[in-house]
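Good morning, and thank you for joining this meeting. Please look at the sequence and the structure on the screen while I go through the main features.

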Amino acid sequence: FTEFGNRRGIDTWVYYPSVDVDLSGGIVIREADLVITKDVLPTIASPGNVLTYTVTIRNNGPSDEAGIGFSDVVPASLSGVNWSCAITSGSGSCGAASGSGNNIDTTLDLNNQAEATYTITGTVSMSASGVITNEATVTRNDDITDPDLTNNVDDASTVVNSAPPPGGTSCYSVADNGNRLVSIDINTGTETNIGPVGLSNI
C-alpha cells in the first residue's frame, strides 16, 4: 500500500467490528391483488340515451392498501358525465365521493377483501355511431406489490343504433274502414286525427 492516498484519496481507514442485530418485526413484503370489473347498461343504445357504467374495484389482499389509483377517460361521444363512489363491501374510503367530467382520475383506500363501486353515467351524443368502448384502470401505489397485473384493466362496450327521426316526424294511416285519416308520431306513437277522407275499398 505504498501508494495509498497518493491521489488525494482516503489516507486512512478503520473497520469497527460489530455484532448481528435482530430486526424487530422482520421485513414485511406488502402485497395486494387489485381486481377491476366494468359493466354497462344498455349494451345497445340510440343517440340521446343515457349509459350507466358500473365499475367494481376489489382488494383481494392479503394487505390493506391506501392511495389506490382509479382512472377512466370516458369517450367524447358521451356528454354530461357524472360519477359517484361508494364502499360496497368491507372497509375503506373513496378519495372523492363524486365528480363530473369525462376525465376521471381519483384515489381510494381498500382494506383486505374490501370492495368499492363507481357508478358513471353519460348521454350518447346525437352524432354517435358504431361502438362506444370505455376502459377503466386501477393502479397500485408505489409502496406495495400487486401479484397479478392482468386484472387491473377492464372495458365495456355499447352498440349505437342510428339516430331516431327528428321530433315531430309522422307517418299517416287510414282508420275506420277508410273513413278517417290519422297521423302517428314515429317517436312517441301519438295519434292525431286529420279528419274524414271518405275512401272506399280500403
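Let me begin with a term. A residue is called buried when its relative accessible area is under 20%, exposed when the value is over 50%, and partly exposed in between, with a 1.4 Å probe and protein chains only. What we see is a predicted model, in which local features need pLDDT of at least 70 and side-chain atom pairs count only at pLDDT 80 or more, while totals for chains, interfaces and linings use all residues. Residues are numbered from 1 along each chain as its sequence is written, and side-chain values use heavy atoms, with hydrogens and water left out.

First, the chain as a whole. Its secondary structure comprises 0 helices and 14 strands; here helices (H or I, at least four residues) and strands (E, at least two) are DSSP runs, numbered from the N terminus. The chain has 202 residues, and 29% of them count as buried. The accessible surface amounts to about 12,500 Å², and carbon and sulfur atoms hold 51% of that surface; such areas come from the Shrake-Rupley method with a 1.4 Å probe, and for residues only the protein chains shown count as cover. A contact means heavy atoms within 4.5 Å. Among contacts in the chain with a separation of 6 or more, 64% come from residues 24 or more positions apart.

I turn now to the sheets. Strands of a sheet pair through backbone hydrogen bonds, either parallel or antiparallel. Two strands are taken to pair if DSSP finds at least two bridges between them.

Which residues stand across from S84? In β9, S84 stands opposite T119, and in β7 the bridge partner of S84 is S98.

Another open sheet has 6 strands in the order β2-β11-β10-β4-β8-β6, and here the pairing is mixed. The edge strands in this case are β2 (44–45) and β6 (92–94), each pairing on one side only. Strands β4 (residues 65–73) and β8 (residues 103–110) run antiparallel and are joined by 7 bridges. Within that pair, G69 has T107 of β8 as its bridge partner.

How many disulfides does a search of the whole structure find? The search finds 1, a disulfide being a pair of cysteine sulfur atoms within 2.5 Å. C85 and C94 form it, with their sulfur atoms 2.0 Å apart. The disulfide is left-handed, because the torsion about the S-S bond of C85 and C94 is about -70 degrees. Is C85 buried or exposed? C85 counts as buried, because its relative accessibility is 10%. C94, at a relative accessible area of 22%, is partly exposed.

Next, the backbone. Most residues other than glycine have a negative phi, and most peptide bonds are trans. Against that background, the peptide bond from L41 to P42 is cis, with omega near -10 degrees. P42 sits in the loop between β1 and β2. Another cis peptide bond joins G61 and P62, where omega is about 10 degrees; P62 lies in strand β3 (residues 50–62). Q113, a residue other than glycine, has a positive phi near 75 degrees. This residue, Q113, is found in the loop between β8 and β9 (115–124), and Q113 is partly exposed, at a relative accessible area of 35%.

I close with T158, which brings us back to P42. T158 has its place in strand β11 (residues 153–160) and is buried, with a relative accessible area of 0%. Leaving aside residues up to four places away in sequence, T158 touches several residues, among them V40, P42, I44, L51 and V131. Which backbone oxygen does the side chain of T158 reach? The side chain of T158 reaches that of P42, at 3.0 Å. A polar contact is a pair of N or O atoms within 3.5 Å; within protein, one must be able to donate a hydrogen and the other to accept it, and residues adjacent in sequence count only if both atoms are side-chain atoms.
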